[in-house]
Amino acid sequence: GLLATGGKRFRPRMVHWGWLAATGGNDPASYHHVPRIGAALELLHGFALIHDDVMDGSETRRGYPSVHVQAREQHVRWGSFGDPQRYGENIAILAGDLAHSEASMIAAELPAHLRTLWRTLSVELMIGQGRDLVGAANGRRDLEHARQVARAKSGAYTVWRPLQLGAAAGGGSAELFDALESYGIAVGEAFALRDDILGVIGDERATGKPVGDDLIAGKPTVLLALATQRFSPKWQRLLARTGSGELSSEEVEGLRQELINSGVIDEVESMISAAVQQASAALDSPAVHPSAREGLLRLAHRVAWRSA
């Protein structure tokens, strides 16, 4: 059900454009790996979303109740024994595990060099999520840690590694990998920064996720790192309580407004623009097939200035 709700399909798109950057569309025989990689990535992403919602306690995803919420509500309707919340989370963990298993089964049929890249992507995803959790638990507010989390969770998993998988399927050169890595890191950062902004001032009807959850959870985002540098003592005291589970809805709203008033949102917007410029420069490499440049540039803009 979660996979059928749609989503942005960024990762399969990146696989396609990586393949096109390597081949220019002139090696159709190698393209049969591309939809397989894309399907595996969508299932892996489903696994990540389901578990992420459990970890964050998010009630909605893509405008629908999260998987653990659906299971919790079933438990209540059925009049079952035990704690409905614990039951819902347990079922969601199993659903996520199933998605991960299915993703691995699809990836297992790829050639060895693509399976190696798949393994790297999967491990980096876990590392990024782990840094996110540890950073929130330890109240990390430094900018370097926040950017490391963004690079691991979005730069590698969302952009660079899918691009690399597509390019490798098409027999791309080392020079192409270097150019796509530069592009991927920059676009991945833009993706993560836009996610940060949408998480605190986005439109819930467009994002399908509760706005303010990142503040409540105290996630080590770039926004919170910059807020730690910019906020006045009054707001610093409130900021220090993010992640405690004790913020009221009024306090969350106050923090959201202060992120705007203090100039933090504007600074992050400038960082997004700079990342897109870096991505554009990376596409000037002669190793990137001309037929892929315009599409990759459009995708960078779509990632950076999306509303959901």
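Biologist: Hi! F10 and F191: buried or exposed?
Modeller: Both F10 and F191 are buried. Buried means under 20% relative accessible area, exposed is over 50%, and partly exposed is in between, using a 1.4 Å probe and protein chains only. Bear in mind that this is a predicted model, where local features need pLDDT of at least 70 and side-chain atom pairs count only at pLDDT 80 or more, while totals for chains, interfaces and linings use all residues. Residues are numbered from 1 along each chain as its sequence is written, and side-chain values use heavy atoms, with hydrogens and water left out.

Biologist: How many aromatic pairs turn up in the whole structure?
Modeller: Two. Rings of Phe, Tyr and Trp (its six-membered ring) pair if their centres lie within 6.5 Å; planes under 30 degrees apart are stacked, over 60 edge-to-face, and the rest tilted. The ring centres of F10 and F191 are 5.5 Å apart with planes at 80°, so that pair is edge-to-face.

Biologist: Which parts of the chain does that pair link?
Modeller: Distant ones: F10 sits in helix α1 (residues 10–23) and F191 in helix α7 (residues 174–201), 181 residues apart. Helices (H or I, at least four residues) and strands (E, at least two) are DSSP runs, numbered from the N terminus.

Biologist: And the pair with W19 and Y31, what's its geometry?
Modeller: The rings of W19 and Y31 have centres 4.6 Å apart and planes at 75°, so they are edge-to-face. W19 is in helix α1, and Y31 is 12 residues away in the loop between α1 and α2 (33–56). W19 is buried at 5% relative accessible area, whereas Y31 is partly exposed at 30%.

Biologist: New topic: at what angle do α2 and α5 cross?
Modeller: Roughly 15°, and the axes of α2 and α5 (residues 112–137) come within 12 Å. Axes are lines fitted to C-alpha atoms, for helices over the stretch in contact, and angles run from 0 to 180 degrees between N-to-C directions. That angle makes α2 roughly parallel to α5; the cut-offs are under 35 degrees for roughly parallel, over 145 for roughly antiparallel, 65 to 115 for roughly perpendicular, and oblique for the rest.

Biologist: Which residues meet there?
Modeller: In α2 they include I37, L41, L44 and F47, and in α5 the partners include L114, W118, L121 and L125. Contact means heavy atoms within 4.5 Å.

Biologist: What about H145, buried or exposed?
Modeller: H145 is buried, at 8% relative accessibility, and lies in helix α6 (residues 143–169). Leaving aside neighbours within four places in sequence, H145 contacts R131, G135, R140 and P220.

Biologist: And H75, what does that one touch?
Modeller: Not counting residues up to four places away in sequence, H75 touches S80, F81, G82, D83, P84 and Y87. H75 is in helix α3 (residues 67–78) and is buried at 2%.

Biologist: Last one: which phi value does R9 have?
Modeller: A positive phi of about 55°, although R9 is not a glycine. Most residues other than glycine have a negative phi. R9 is in the segment before α1 and is partly exposed at 32% relative accessibility. R62 also has a positive phi, near 55°, and is found in the loop between β1 (60–61) and β2 (64–65).
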